[in-house]
Amino acid sequence: MPTTTRRITIDPVTRLEGHGKIEILLNEDGAVDRAYFQVPELRGFEKFAQGRPATSMPQITSRICGVCPTAHHMASTKALDDLYRVAPPPAARKIREMVYSAFLVEDHTLHFYFLGGPDFVVGPKAPKAERNILGVIAKVGVETGRKVIEIRRKLRDAISLAAGKAVHPVFGVPGGVSKPLTQEDAAQFRQAAAEALEFAKFTLGVFEKLVLGNREYVDLIRSDLFTHRTYYMGMVDEQNRVNFYDGALRVAAPDGHEWARFDPREYATYVAEHAEPWSYMKFCHLKAVGWRGFQEGAESGVYCVAPLARLNAADGMATPAAQEAYLQFFGALGGKPVHHTLANHWARVIELLYAAERLKELADDPEITDPNVRVLPEEAPREGIGVVEAPRGTLIHHYQSDARGLITKANLIVATQNNAARISMGVEKAARGLVSAAHADEGLLNMVEMAFRAYDPCLGCATHSLPGSMPLLVVVRDRDGTVLSSLRRDGDGGIHRS
């Protein structure tokens, strides 16, 4: 890192899953020299998956994150379908997507009201003690707070009927799901779906009134401070409409044209991972364009996923109310693609509406109670890739196994990795535009955090070991705190004593 005269540290960063910090380095003039979005925690799921039965992966990987376990469970289950070369019957596929749609509604609701919403509903510079769910409720009313709690409870109860658990599902198996739905289960899903759809429409109305109705907020969304012209990736159906559960991966270039459209199994042809020494999070980029550092534009391979990226990569939404909101979104923001990072919040509410509509479509489908919900695998396992659109963006699970079905290699590329480069660019640009030695109050620092919070990042999911050894520092002190000795292991494995 460059030599500086002052350092501003935001540690920990707030309202996200996992642990991260922001280091803002100032030069001698008091201006921002560099800003780093650092992820200091390390998770080892790829490593300790090795040697375990492949069929245990949907349960193991759902423990990576308590916020998006259903996404990992579903990507892992789809990877097992591919690993064993078995296709689930129609009822199982619909049950999976129905559960997943319910999860998307619940998760997007969580982010809007609890994590991202306080910045807009309450205000980016509001007192720190008010930027939380209680501050949101104070703005939207106690009755709205009850609606949020009630719809999340009903959706989780419905998910538990099909998935066994709401937080760590246990229903996904290679070739289908573990049990069929009863008529009573289906009726509860239909009731929850109908209420979820009304709630989604209500939430869009809240966003339009409190955010889009506030000129200051709209100007902030459209400001250059939170704008980056990059590539965008998302999953689409055969008509290039947004789909969370299955389809092709489509990449839109910074000018909006289709840069690539490919089968998820081909992801390694298009996506590469880059490591930096100051973070345990890897930085994905488009392999054919190459890594040019933290730069935007067509010559840089930086891309992103998440709600804004999905809307930019698609030609529309597959349900009527969401499609209407989609057209309004691009009409209001000047057409496709939209490069404004904070527009992720608006895109997320549109996706909330789509997920609720799709949930209702599936819950009303009589085939979901068909008792035929699994095809048993017959082929020996080899290699499998499963991809879904997690709430935070494209999630890839890639497994290799031996003939006994024991994992020999696992690679997980999660949404926050896909977004990592653009998140880092956003944090640095916001810091440069907002912070200086003379201006570094808590409100401005929160606005720097808004550059990452728009992506709803999951840092626990996104961290991997860099090449070499994990750096480690052990310090021995006496009872008074005096350092007696220390032992340091560097990333290259070198040991230093003092």
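Modeller: What follows is a set of questions about labels and the values behind them, and the model is a predicted one.

Biologist: Let us begin with the aromatic rings; what makes the pair of Y113 and F199 tilted?

Modeller: The structure holds 21 aromatic pairs, and in this one the ring centres are 5.9 Å apart with the planes at 40°. A pair needs centres within 6.5 Å, and an angle under 30 degrees would count as stacked and one over 60 as edge-to-face, so the pair of Y113 and F199 is tilted. The two residues belong to distant parts of the chain, with Y113 in helix α4 (residues 90-122) and F199 in helix α7 (residues 183-212), 86 residues apart, and both Y113 and F199 are buried.

Biologist: And why is the pair of F120 and Y217 called edge-to-face?

Modeller: For F120 and Y217 the centres lie 5.7 Å apart and the planes meet at 85°; since edge-to-face applies over 60 degrees, that is the label the pair receives. This pair, too, links distant parts of the chain, F120 being in helix α4 and Y217 in helix α8 (residues 215-222), 97 residues apart. F120 is buried, as is Y217.

Biologist: Which residues form one aromatic cluster?

Modeller: The cluster is formed by F112, Y113, F199, F202, F207, Y326, F329, F330 and W346.

Biologist: How do you know that a charge sits over the ring of F114, and what lies over the face of F330?

Modeller: The charged end of R152 is 5.6 Å from the centre of the F114 ring, and it sits over that ring. K336 lies over the face of F330, at 5.5 Å from the ring centre. The distance limit for this label is 6 Å.

Biologist: Turning to the cysteines, why is C65 in no disulfide?

Modeller: The cysteine sulfur nearest to that of C65 belongs to C458 and is 3.3 Å away, whereas a disulfide requires sulfur atoms within 2.5 Å, so C65 is in no disulfide. By this rule the count comes to zero disulfides.

Biologist: Are C65 and C458 buried or exposed?

Modeller: C65 has a relative accessible area of 1%, and C458 has a relative accessible area of 1%. Buried means under 20%, so C65 is buried, and so is C458.

Biologist: What makes K360 partly exposed?

Modeller: K360 has a relative accessible area of 29%; because buried means under 20% and exposed means over 50%, K360 is partly exposed. Its place is in helix α12 (residues 344-363). Leaving aside neighbours within four places in sequence, K360 is in contact with A193 and L197, and the C-alpha atoms of K360 and A193, 167 residues apart along the chain, are separated by 4.9 Å.

Biologist: How do you know that H111 is buried, and which residues is it in contact with?

Modeller: The relative accessible area of H111 is 1%, and as the cut-off for buried is under 20%, H111 is buried. H111 is in helix α4, and beyond its neighbours within four places in sequence it is in contact with G116, G117, H345, R348, R453 and D456.

Biologist: What about R15, and why does it count as buried?

Modeller: R15 has 16% relative accessibility, and since buried means under 20%, R15 counts as buried. R15 lies in the loop between β1 and β2 and has a positive phi of about 55°, although it is not a glycine.

Biologist: Finally, where are the cis peptide bonds that involve P12 and P337?

Modeller: One joins D11 and P12, with omega about 5°, and P12 is found in the loop between β1 (6-10) and β2 (21-26). Another joins K336 and P337, with omega about -10°, and P337 lies in the loop between α11 (320-332) and α12.

Methods. Residues are numbered from 1 along each chain as its sequence is written. This is a predicted model: local features need pLDDT of at least 70, side-chain atom pairs count only at pLDDT 80 or more; totals for chains, interfaces and linings use all residues. Side-chain values use heavy atoms; hydrogens and water are left out. Rings of Phe, Tyr and Trp (its six-membered ring) pair if their centres lie within 6.5 Å; planes under 30 degrees apart count as stacked, over 60 as edge-to-face and the rest as tilted. Helices (H or I, at least four residues) and strands (E, at least two) are DSSP runs, numbered from the N terminus. Buried means under 20% relative accessible area, exposed over 50%, partly exposed in between (1.4 Å probe, protein chains only). A charge sits over a ring if NZ of Lys or CZ of Arg is within 6 Å of the ring centre and within 35 degrees of the ring normal. Contact means heavy atoms within 4.5 Å.
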